[in-house]
Amino acid sequence: MANPVEPDSVLARAAAELRDAPQEPNWVDISSSILTKVRNTTRRTWPIDSAFPGGSGAGPADTLRISDHIVKTTLRRALAGVRGAQPTEIDLDLDGHACIGLSLAVIGVYGDDLQAAGDELAMIAIDVVSDLLAISLDRDAVDVRVDDIEEQ
């Protein structure tokens, strides 16, 4: 009967084989090329105007901008708990770097009150944008459209 291989001996053998393996001569060039490609394909963001919270000590010349990716991610998380409508797309309506409105695409649930769900989504979005960007949006500035309906 063969003796079972001890896990430590397997790891030791694997480590020894890796140490003894010939090193790729162009590894530095390859890794540099890979990093360059990854950096070139990363998601670009757009800075959105915001304001420092009161009492932060920021002066009138200080500016604060938050990336659109952060705004959209925060909105997606806040909207995820609304029953009857699952957000699939969030777009910021911008005037330069200022947010002037939002567009939300959702998948609704058949039989639910989609108007009420849309109003709830809009109010949550308005609150999130107000907290993040220190702006006030009216309900008219938030467009909620139902792109699809699913059964419960």
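Predicted model: local features only at pLDDT ≥ 70, side-chain atom pairs only at ≥ 80, totals over all residues.
What share of the 152 residues in the protein chain is buried? Buried residues (under 20% relative accessible area, with a 1.4 Å probe and protein chains only) make up 23% of the chain. Residues are numbered from 1 along each chain as its sequence is written, and side-chain values use heavy atoms, with hydrogens and water left out.

The secondary structure comprises four helices and five strands, taken as DSSP runs (helices: H or I, at least four residues; strands: E, at least two) and numbered from the N terminus. Along the sequence these elements follow the pattern α-α-β-β-α-β-β-α-β. Of the contacts (heavy atoms within 4.5 Å) with a separation of 6 or more, 54% are between residues 24 or more positions apart. The accessible surface, from the Shrake-Rupley method with a 1.4 Å probe, comes to about 10,700 Å², and carbon and sulfur atoms account for 53% of this area.

Three strands form an open sheet in the order E3-E4-E5, with mixed pairing; two strands are taken to pair if DSSP finds at least two bridges between them. Strands E3 (85-95) and E5 (142-150) are the edge strands, each pairing on one side only. Neighbouring strands are turned by 20° against each other on average, direction ignored. Angles run from 0 to 180 degrees between N-to-C directions, and axes are lines fitted to C-alpha atoms, for helices over the stretch in contact.

E3 and E4 run antiparallel and are joined by ten bridges, with Glu 89 paired to Ala 105 in E4. The two strands form a hairpin with two residues between them, and Gly 96 in the turn has a positive phi of about 70°. Strand E4 (residues 98-109) pairs with E5 in the parallel sense over eight bridges. Val 109 has Glu 150 in E5 as its bridge partner.

Two helices pack on the sheet. Helix H3 (residues 68-79) touches E3 and E4, and its direction makes about 150° with that of E3. Helix H4 (residues 114-133) touches E3, E4 and E5, and its direction makes about 145° with that of E4.

Tyr 110, Val 146 and Ile 149 make a nonpolar surface patch of about 310 Å². Val 146 is located in strand E5. Because its relative accessibility is 40%, Val 146 counts as partly exposed, a class that lies between buried and exposed (over 50%).

Note on methods: Patch = residues over 30% accessible without salt bridge, like charges linked within 9 Å, V, L, I, M, F, W, Y side chains within 5 Å. Salt bridge = Lys/Arg side-chain N within 4 Å of Asp/Glu carboxyl O.
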